[in-house]
Amino acid sequence: MSYQWLTLWSYGETFLTAAWLTLQVTLLAFMLAVALGLLAALAKASALAPLRWLSHCYVEFIRNTPVLLQIFIIFFGLPSLGVTMSAFTAGVLALGINVGAYLSEIFRAGIQSVPKGQLEAAWILGIPRRQLFLSVVLPQAARAVWPAIINNLIQLLLGTSLLSAIALPELTGTATVINARTLLYIQTFSVVTVVYLLLSNLFAWLGNLAGRRMFHPPLVTQVKKPAWWARKWLTNPLKRENAL
């Protein structure tokens, strides 16, 4: 058994390279997803019917089709139209488009959670629409949906395993290759499972830390409690009458 783990230890650098590639795909795809989700949410709230229709079609198509099929369409389908890209680029694009559709609904819910009274007050004060969105709407919406955003980031990390279907050497794809060479099923996939758990918990911890820093609760003035003898005097009516 120790010999098997030593054999797998020789692939440590390969696992680290795969983990770094997984992180790159996750972060790039998430940035694309945030941009697409925010644009789709704003388009769905727009007064222009064509923008609302395009946003609705995008969200419904992505949310009602398998993500693996979307990956195949981008990686295998687009070359037939003359658009060729690497597995890395196709993976980032496919996952970013997929998660962006889910983030758009999250962003829309966060925008709708902002009280209308604040918007009306801002309009009365003559605050420009751009400043209104950046200074009033966006901070409150982000605070309301921050846990859901971090949850989608973790789901995106786990979804990178599907890119092994297009031969991208991320964690799952690399583990499949190593497993085929060594036939160490339990050991190989146990290592990958631990790496996924570490990365997921790292994202969750960083998300909670960033949330506490950006959306810390307002300061509340604490009233100092009276001393024990004062509380005893205040709760005893006989002592108060004698003192008076």
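Q: Axes are lines fitted to C-alpha atoms, for helices over the stretch in contact, and angles run from 0 to 180 degrees between N-to-C directions. With that settled, at what angle do the axes of helix 7 and helix 9 cross?
A: First, the ground rules: this is a predicted model, where local features need pLDDT of at least 70 and side-chain atom pairs count only at pLDDT 80 or more, while totals for chains, interfaces and linings use all residues. Residues are numbered from 1 along each chain as its sequence is written, and side-chain values use heavy atoms, with hydrogens and water left out. Helices (H or I, at least four residues) and strands (E, at least two) are DSSP runs numbered from the N terminus. The axes of helix 7 (residues 129-159) and helix 9 (residues 185-214) come within 10 Å, and their crossing angle is roughly 160°.

Q: Which orientation class does that give helix 7 relative to helix 9?
A: Angles under 35 degrees count as roughly parallel, over 145 as roughly antiparallel, 65 to 115 as roughly perpendicular and the rest as oblique. Helix 7 and helix 9 cross at roughly 160°. So helix 7 is, relative to helix 9, roughly antiparallel.

Q: How many nonpolar residues are in the contact of helix 7 with helix 9?
A: Contact means heavy atoms within 4.5 Å. Helix 7 brings Trp146, Ile150, Leu153, Ile154, Leu157 and Leu158, and helix 9 brings residues including Tyr196, Phe203, Gly207 and Met214. For the classes, Ala, Val, Leu, Ile, Met, Phe, Trp, Tyr, Cys and Pro count as nonpolar, Asp, Glu, Lys and Arg as charged, and the others, Gly among them, as polar. That contact has no charged residues, 3 polar ones, and a nonpolar count of 12.

Q: How does helix 2 lie relative to helix 7: roughly parallel, roughly antiparallel, roughly perpendicular or oblique?
A: Helix 2 (residues 12-44) and helix 7 have axes 11 Å apart and pack at an angle of about 140°. Therefore helix 2 is, relative to helix 7, oblique.

Q: Which residues of helix 7 make the contact with helix 2?
A: From helix 2 come Thr22, Thr26, Ala29, Phe30, Leu38 and Leu42. The residues of this contact split into 9 nonpolar, 2 polar and no charged. On the helix 7 side, the contact is made by Phe133, Ile149, Leu153, Leu156 and Leu157.

Q: What are the contacts of Leu163, leaving aside its neighbours within four places in sequence?
A: Leu163 is among the residues that touch the most other members of the largest nonpolar core. Leaving aside its neighbours within four places in sequence, Leu163 is in contact with Val25, Ile71, Gly91, Leu95, Leu168 and Glu170.

Q: Is Thr174 buried or exposed?
A: Buried means under 20% relative accessible area, exposed over 50%, and partly exposed in between (1.4 Å probe, protein chains only). Thr174 is in helix 8 (residues 171-182), and beyond its neighbours within four places in sequence it is in contact with Thr14, Ala18 and Pro169. Its relative accessible area is 7%, so Thr174 counts as buried.

Q: How far apart are the C-alpha atoms of Arg63 and Tyr102?
A: Arg63 is in helix 3 (residues 49-63), and it counts as partly exposed because its relative accessibility is 38%. Setting aside neighbours within four places in sequence, Arg63 is in contact with Ala101, Tyr102 and Glu105. Arg63 and Tyr102 are 39 residues apart along the chain, and their C-alpha separation is 7.2 Å.

Q: What is the phi of Ala167?
A: Ala167 lies in the loop between helix 7 and helix 8. It is exposed, with a relative accessible area of 66%. Although Ala167 is not a glycine, its phi is positive, at about 65°.

Q: Which loop holds Leu183?
A: Leu183 has a positive phi near 60°, in a residue other than glycine. It counts as exposed, at 54% relative accessibility. Leu183 lies in the loop between helix 8 and helix 9.

Note on methods: Core = buried A, V, L, I, M, F, W, Y, C linked by side-chain atoms within 4.5 Å.
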